[in-house]
Amino acid sequence: MELSNSPAERTTAATDVLLGLTAAGGIIWLQWFQPAPSWRIQIWSWSFGLVALAASLGAITHGLILAPTLRRRLWGALTLALGLAVSLFVVGVVHDLYGMEAARSFLPLMLLTGVGVFLISRLWAGLFIVFIVCQGVARAAALAAYAQLAAAGALHGAGLMAAGVLVSMAAAGAQAARRLRLEFIWEFDHNGIFHLLQTAGLMLLCQGISEGG
């Protein structure tokens with residue numbers, strides 16, 4: 001397999017690797033500093049693991065010249081991993097707002113929702129907007145939840161988690177701006193900038209989760 005001919009695509013692949021390593025490092029951070037990782041930590045760790053998987057697949061699809069069929073299959077797997085990561089993200093938010101029992105009962109529904117949104121977005125290409133909207137709604141709800149928890153002093157690390165979600169929302173905005181370009185040593189397009197911002201948001205989120213226990 002050959003590397004992509006596009007400098008921006010190669011940079012995007014590199015930032016995908018950075019995002020994946022950050023997500024994997026986040027799992028180690030969350031698990032290492034907990035004497036007995038809670039159910040909450042396990043949910044967030046699984047979400048980070050799926051982000052790491054999606055980022056790894058993204059690095060391959062952006063960085064290498066692939067046959068069209070293989071590229072479609074990898075993008076499908078990437079989309080499913082992201083959909084399930086968002087589902088577990090929502091379960092984590094529900095846990096922090098309403099407790100473990102509510103989150104446990106919500107888990108099967110969210111996993112089915114993640115798979116359902118993936119199938120809709122893949123079977124009907126024009127409805128990929130459904131996937132984007134679901135991610136946006138999840139981020140907005142999480143930002144409101146953690147801002148509320150931080151203001152009330154009800155959860156340690158909630159302020160950092162709110163900041164992480166806010167940075168993630170800025171990352172999504174950058175990705176949507178398809179003409180966005182930045183050249184600093186390397187050439188970054190909207191996807192590369194998205195990955196850099198998402199990496200920063202993930203670090204904030206991870207630190208906040210760790211403080212919340």
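## Helix packing and selected residues in a predicted model

Helices H1 and H2 run roughly antiparallel to each other. This arrangement belongs to a predicted model, and the values reported here are computed from it.

Helix H1 spans residues 7-32 and helix H2 spans residues 39-63; their axes come within 8 Å and cross at roughly 160 degrees. Since angles over 145 degrees count as roughly antiparallel, the crossing angle of roughly 160 degrees places H1 and H2 in that class. The crossing of H1 and H2 has a left-handed sense. Sorted by residue class, the contact of H1 with H2 comprises 14 nonpolar, 10 polar and two charged residues.

Helix H2 also packs with helix H7, which covers residues 190-212; here the angle is about 165 degrees and the axes are 12 Å apart. H2 and H7 are therefore roughly antiparallel to each other, and their crossing is left-handed.

Which residues form the aromatic pair of the structure, and with what geometry? The structure holds one such pair. Trp44 and Phe89 form it in an edge-to-face arrangement, with 5.6 Å from centre to centre and 85 degrees between the planes. The edge-to-face label follows because planes over 60 degrees apart are assigned to that class. Trp44 belongs to helix H2 and Phe89 to helix H3 (residues 68-98), so the pair ties together parts that are 45 residues apart in sequence. Both Trp44 and Phe89 are buried.

Helix H2 also contains Ser47. Is this residue, Ser47, buried or exposed? Ser47 has a relative accessible area of 4% and is therefore buried. A polar atom of the Ser47 side chain lies 3.0 Å from the backbone oxygen of Ala85.

**Buried residues and C-alpha separations**

Thr11 is located in helix H1 and is buried, with a relative accessible area of 10%. Thr12 is likewise found in helix H1; at 0% relative accessibility, Thr12 counts as buried. Val94 is part of helix H3 and counts as buried at 13% relative accessibility. Asn191 lies in helix H7 and is buried, with a relative accessible area of 13%. The burial assignments rest on a cut-off, because buried means under 20% relative accessible area.

The table sets out a C-alpha separation for each of these residues, together with the corresponding distance along the chain.

| Residue pair | Separation in sequence | C-alpha to C-alpha distance |
|---|---|---|
| Thr11 and Ala163 | 152 residues | 26 Å |
| Thr12 and Gly192 | 180 residues | 4.3 Å |
| Val94 and Leu107 | 13 residues | 9.5 Å |
| Asn191 and Glu211 | 20 residues | 30 Å |

The entries show how separation in sequence and separation in space can be read side by side. Thr12 and Gly192 are 180 residues apart in sequence, yet their C-alpha atoms are 4.3 Å apart. For Asn191 and Glu211, 20 residues apart in sequence, the C-alpha atoms are 30 Å apart.

**Overview of helix H2**

How values were computed. Residues numbered from 1 in each chain as written. Predicted model: local features only at pLDDT ≥ 70, side-chain atom pairs only at ≥ 80, totals over all residues. Heavy atoms only, no water. Axes fitted to C-alpha atoms, helices over the stretch in contact; angles between N-to-C directions. Helix = DSSP H or I, 4+ residues; strand = E, 2+ residues; numbered from the N terminus. Parallel < 35°, antiparallel > 145°, perpendicular 65-115°, else oblique. Left-handed = near helix turned anticlockwise from the far one by under 90°. Nonpolar A, V, L, I, M, F, W, Y, C, P; charged D, E, K, R; others polar. Phe/Tyr/Trp six-rings, centres within 6.5 Å; stacked < 30°, edge-to-face > 60°. Buried < 20%, exposed > 50% of the residue type's maximum accessible area, 1.4 Å probe, protein only. Polar contact = N/O pair within 3.5 Å; in protein donor to acceptor, adjacent residues only side chain to side chain.
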